[in-house]
Amino acid sequence: MQFIDLRSDTVTQPTQAMRDAMCRAVVGDDVFEDDPTAKELEAYAAQRLGKEAALFVTSGMQGNTCALLAHTRRGDCVVIAPTAHIAAHEAGSYGQLAGVSLRFPESVNGVMDPASVRACLTDDSDVQVAPAGLVVMENAHSTGSVLPLDNMRAVFEIAHTQGVPVHLDGARLFNAAAALGIADVRELTQYCDTVMCCLSKGLCAPVGSILAGPKDVIWRARRARRILGGGLRQVGFLAAAGMVALRDMTGRLSEDHENAKYLGELLSAVDGVHVFAERTQIDMVFFTTDWDAEKASRYPAWMLGRGIKVTGCMDGEYRMVCHHDITRAACQTAAEAIRAFAAEG
């Protein structure tokens, strides 16, 4: 059976161009820094992201953790929105691996209030208070929202005034750029010291992310990657797919955004389904329902029985994600299935 998979954009299949590039890749040993394809990808990524250097990592979470380890000291605190992926969905790795705590400024859907960020930027003058070692923004945000450019600028300038670096969790960086109508992502990345972006998700690479920033920070991140077990050998096979992702796949993301808006409109017409239209800014659709707990528990299996893969209710909300493998027809099929499920007793 050919499934319609709306669980996440992480389920995308690599394109044929990626598979071909992987077969042809020239490889070396990346721990010795002599894998030519990995080096080509890192050089291209650094240029594309407007940074001095870049590092290929196995996942977005590894990239974020390397950034924390490269920027902070154990005992520091990180200023970040409580709904950010690092704070809420990375298994507490910030504490386990980097030894940092988190401090939450006022925020709405990842958009942090600049004045509140300023109030969080403590120094090391008080031995009773953890000094702020890093500010983290996430754009696009895990809630489906996009941070405005002026907010990024304000947070960045406040942090730098206090001598605190800024990391951008840009797992869906190119989605954010597309949503903002920005052709050159350097308009976004100018407001961070380091940036992580995923090559998988909507860009369809099978594995990998990029961490980019100043040369000295990326060197520390390379050491951190090694500590985390990410010392890779003939990684050019994966880097080749990542190169296709960065070079060829970023320009089509607006198609996923349009499909998500279309799916959201269809779901809004279903009785008992309430879509957060204001958060349908990228490829994600979030919604709540009037279903009771018993009905909600049956939803994933019911949909799977009709060839549609979905996640269940999480934190009171449901999510569907459009991507390269989801067509308009698939959106219609999914919406009709939810309409049928909602109508059942």
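**View A: Val78 is a buried residue, with a relative accessible area of 1%.** This is a predicted model, in which local features need pLDDT of at least 70 and side-chain atom pairs count only at pLDDT 80 or more, while totals for chains, interfaces and linings use all residues. Residues are numbered from 1 along each chain as its sequence is written, and side-chain values use heavy atoms, with hydrogens and water left out. Buried here means under 20% relative accessible area, exposed means over 50%, and partly exposed lies in between, with a 1.4 Å probe and protein chains only. Val78 belongs to strand β3, which covers residues 77–79; strands (E, at least two residues) and helices (H or I, at least four) are DSSP runs, numbered from the N terminus. Not counting residues up to four places away in sequence, Val78 touches Leu68, Thr72, Val100, Ser101, Leu102, Arg103, Leu134 and Val136, where contact means heavy atoms within 4.5 Å. Between Val78 and Arg279, which are 201 residues apart along the chain, the C-alpha atoms are separated by 26 Å.

**View B: Ser145 sits in the loop between β7 (132–138) and α7 (149–161).** Ser145 is buried, at a relative accessible area of 5%. Leaving aside neighbours within four places in sequence, the residues in contact with Ser145 are Asn109, Asn139, Ala140, Arg279 and Gln281. Gly110 is 35 residues from Ser145 along the chain, and the C-alpha atoms of the two are separated by 7.6 Å. Ala140 also has its place in the loop between β7 and α7, and the peptide bond that leads from Asn139 to Ala140 is cis, with omega near 0°.

**View C: The loop between β9 (194–198) and β10 (209–213) holds Lys201, and Cys204 is found in the loop between β9 and β10 as well.** Most residues other than glycine have a negative phi, and most peptide bonds are trans. Lys201, although not a glycine, has a positive phi of about 50°, and Cys204, likewise a residue other than glycine, has a positive phi near 80°. Lys201 counts as buried at 15% relative accessibility, and Cys204 is buried with a relative accessible area of 0%.

**View D: Helix α1 (residues 16–24) packs with helix α11 (residues 236–248).** The two helices meet at an angle of about 145°, and their axes are 8 Å apart; axes are lines fitted to C-alpha atoms, for helices over the stretch in contact, and angles run from 0 to 180 degrees between N-to-C directions. From α1 the contact takes in Ala17, Met18, Ala21 and Met22, and from α11 it takes in Phe237, Leu238, Ala240, Ala241, Val244 and Ala245. These residues divide into ten nonpolar, no polar and no charged; Ala, Val, Leu, Ile, Met, Phe, Trp, Tyr, Cys and Pro count as nonpolar, Asp, Glu, Lys and Arg as charged, and the others, Gly among them, as polar.

**View E: Helix α13 (residues 293–304) has the buried residues Lys295, Ala296, Tyr299, Trp302 and Met303.** Seen down the axis of α13, these buried residues fall within an arc of 120°, so they line one face of the helix; the arc is that of the directions from the helix axis to the C-beta atoms. An α-helix has 3.6 residues a turn, so residues three or four places apart point the same way. On the face of α13 turned away from the buried side are the exposed residues Ala293, Ser297 and Ala301. The cover over the buried residues of α13 includes β12 (284–289), β13 (308–309), β14 (318–321) and α14 (328–343).

**View F: Arg118 has its place in helix α6, which covers residues 114–120.** Arg118 counts as partly exposed, at 47% relative accessibility. Arg118 and Ser101 are 17 residues apart in sequence, and their C-alpha atoms are 17 Å apart in space.
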